[in-house]
Amino acid sequence: QDSCSHQCGELLGTCSCQVTCQSLGICCPDYKEFCLQISPYSGSLMGGKVFLIENTALNASSVLTCRFKQNIKTSGYVAKDGKAHCISPLLYETGFIPFEVSTDDGLTFPYSGTWLSVHHSKISDGEKCTLVNETKWQYYGTPNTDGNLTLTWTHQALAATRINIEVWGYQETGDSYSENWLAEWKYLYTLAREIPNIGKFSFIPVPAKGNYSTWDFGILRITPSSYSDGQSNIPSVWSREHALAWHLGKDFRNDPNAWATAKCMEWDRKEEKLPNFMEEIIDCPCTLAQARADTGRFHTDYGCDIEKGSVCTYHPGAVHCVRAIQASPQYAAGQQCCYDSTGSQILTYDSTAGSTPDRGHDWGSPPFMKPPRIPGFSHWLYDVISFYYCCLWSDNCHFYMKKRPSSDCRMYHPPRAASAFGDPHFFTFDGLNFTFKGQGEYTLVESDLTSLRVQGRTQQAHFPNGTGAQVTGLSAVAMQENNSDVIEVRYLEDLNLEVLLNQKIVSFSEQSWMDLKGLFLHSTADQNITVMFSSGSGVEIRGSGGFLTLTVLLPEKFMNHTQGLFGVMNGNTEDEYTFKNKTTMSVHASPHQLFEFGANWAVENGTSLFTYDTEFLLNNFFYGEKHNASFQPVFFPYEDPADPLVKEMVLLCGSDPFCRFDVLTTRSLQVGSSTRLSHQNHKLLVENLEPVISCGWLDHPTNGRKNGTTYLLGSTISFICNQGYELTGSKERTCQVTGAWSGDTPSC
């Protein structure tokens, strides 16, 4: 009999060590012993989190070694209850990290699993120690900020009666944007030793000794006192990363403004020598509506979120900011875009609340590991601590804004959207809609540009008071781009969504955002799943009334590069019904002809992205036909005037043809209502993604001022001279359809 020792994820001769083996009942007998399940499954990239290995009975005498990424070793232990534990290491990356376990002191590593390393800011507050009144820590020593500082933590997080509190600093050494540019978290000194683990510590900070006081960005670590100072990868509770104002030297405390001004000027000079990343970052969406609709490329900035009450500390006056999801290609820079209550972009030229781009993307970017791609910390070093120097600890913000000006939206092109929902209705990228009631697995969109593939499975659905009429709907969607991870979303019987990552069920119980290979994955509390591929294409999926609703967003570069049920995206509806062999069918085709078109896009086994992990799926979709040719759908549901349901349908649906269709085929008003909502959402999305013309920012004349801060089509800016000056040129200028301002540049 084969064994899963060293073989997790493999299909062996007599049995399987793949994740699908349990539901198929073909696992090797020792699958659960060697292929590890852990709890918790995630923690901060800073490491030091103890996790339990759930399914392996290891004996108490074994010496446990845990090895991450084949080279980072941490010590494990078996507790009195016989349960094995590992400690997560300090990592300079986020995402799923493979690990193995040895019980023979590191000779062999037959057990394996994965650990999810998470951006430090995305870890729940309860897992960190808390800097009480954080602002006070970060402004300590500036005017009116002194007294004692307090640190609190969950004392149960560390199994120790006495603890030490250490100060660590972050630095990047070597030459910028070169091979020798390296990131390092470094132990500096121990702030307090052997103090009781009661969850609270207060102290009056003094300037750090020696050259430690030159470290201005860092973090605190609490560890059991039994370990030595600065020992790596031991049980730890970290604070938030922060500006270390509280331990800076006497020179800072004597004159914080002068100290910070000098630092700001030094940063400004350094920036002069670095390459200009502004050229290659994506432009901002013109309006808040566009920014919130372009979910494949922009995501809520947690520091300013309209859904959480618009608490925008760094951007007063903004109601919402978004960040570009992908870092820029060469310099891994980030973009941020902020909007006011009218939905207009706020620019730094007009207000310090304006959005500022980032030399280092806050979320880091693959392949991580080296600057400028370290999640969170590279960003702190180039874009945040410098904000403290120039804007918060001194009054030199104009220097910062000059190096980090907002991007306007003149070069922004919204993506195009295609959707499928209900008893499947399809809306193509070019705006054509049709109903295709096939049963099987089909290519919804594929692109030769990035090898993007999105496939949909339709299954027959049964409704309690249905007539047995043939109803199908989307029950699963699978997707991949280039050689990214494969994501599949399924609709379960209990109306919950199940997400598979490379065939394995993903749990969102600890993390709602995951950095994966070639994509980011996000799940909202109400189970909206968004997949954001590195090309900027996005896929949104949610369950609604028995069927999946799917939306695919593609940036403009995909023009003329798509095929499948969602059509050829090129702004022309005439060629939407294009077959695999490139022949086309008239847009006035009958439902029967459309059925043929759909059937042509059935997936082949060799190219299917779906997981077949049950007998049912194997028999019906893997061994069976990909398109069930014997399945005969209802093409024209009959509307019987005497049918009491028809009256209610008219009230519910109005003139919405898709809502009416689905009520008649499913005999369920609830399905009709879900379909109507999905249809409305699609129309709204397409509206929000309409291109907006921008004429770009206008400055006020020297010795004058201007009225107006919106620069979109139809906006008017007026100019006034200061007293004693006369205006020549245009008194007001209006943004025109051509994207140019009317009139001439005024001067005073």
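Helix H11 (residues 644-653) packs against helix H12 (residues 657-666) with the axes 9 Å apart and an angle of about 150 degrees between them. Angles over 145 degrees count as roughly antiparallel, so H11 is roughly antiparallel to H12. The crossing of this pair is right-handed. Bear in mind that this is a predicted model.

What holds the contact on each side? From H11 come Leu 645, Val 646, Met 649, Val 650, Leu 652 and Cys 653, and they meet Cys 659, Arg 660, Val 663 and Leu 664 of H12. Sorted by class, that contact has nine nonpolar residues, one charged and no polar ones.

Now for the other partner, helix H13 (residues 669-688). The axes of H11 and H13 come within 10 Å and cross at roughly 20 degrees. Angles under 35 degrees count as roughly parallel, so H11 and H13 are roughly parallel to each other. Their crossing is right-handed too.

On the H11 side, the residues in this contact are Leu 645, Glu 648, Met 649, Leu 652 and Cys 653, and on the H13 side they are Leu 669, Gly 672, Ser 673 and Arg 676.

| Pair | Axes | Angle |
|---|---|---|
| H11 and H12 | 9 Å apart | about 150 degrees |
| H11 and H13 | within 10 Å | roughly 20 degrees |

Some H11 residues turn up in both contacts: Leu 645, Met 649, Leu 652 and Cys 653 touch H12 as well as H13.

Conventions. Residues are numbered from 1 along each chain as its sequence is written. This is a predicted model: local features need pLDDT of at least 70, side-chain atom pairs count only at pLDDT 80 or more; totals for chains, interfaces and linings use all residues. Side-chain values use heavy atoms; hydrogens and water are left out. Axes are lines fitted to C-alpha atoms, for helices over the stretch in contact, and angles run from 0 to 180 degrees between N-to-C directions. Helices (H or I, at least four residues) and strands (E, at least two) are DSSP runs, numbered from the N terminus. Angles under 35 degrees count as roughly parallel, over 145 as roughly antiparallel, 65 to 115 as roughly perpendicular and the rest as oblique. A crossing is left-handed if the near helix is turned anticlockwise from the far one by less than a right angle, and right-handed if clockwise. Contact means heavy atoms within 4.5 Å. Ala, Val, Leu, Ile, Met, Phe, Trp, Tyr, Cys and Pro count as nonpolar, Asp, Glu, Lys and Arg as charged, and the others, Gly among them, as polar.
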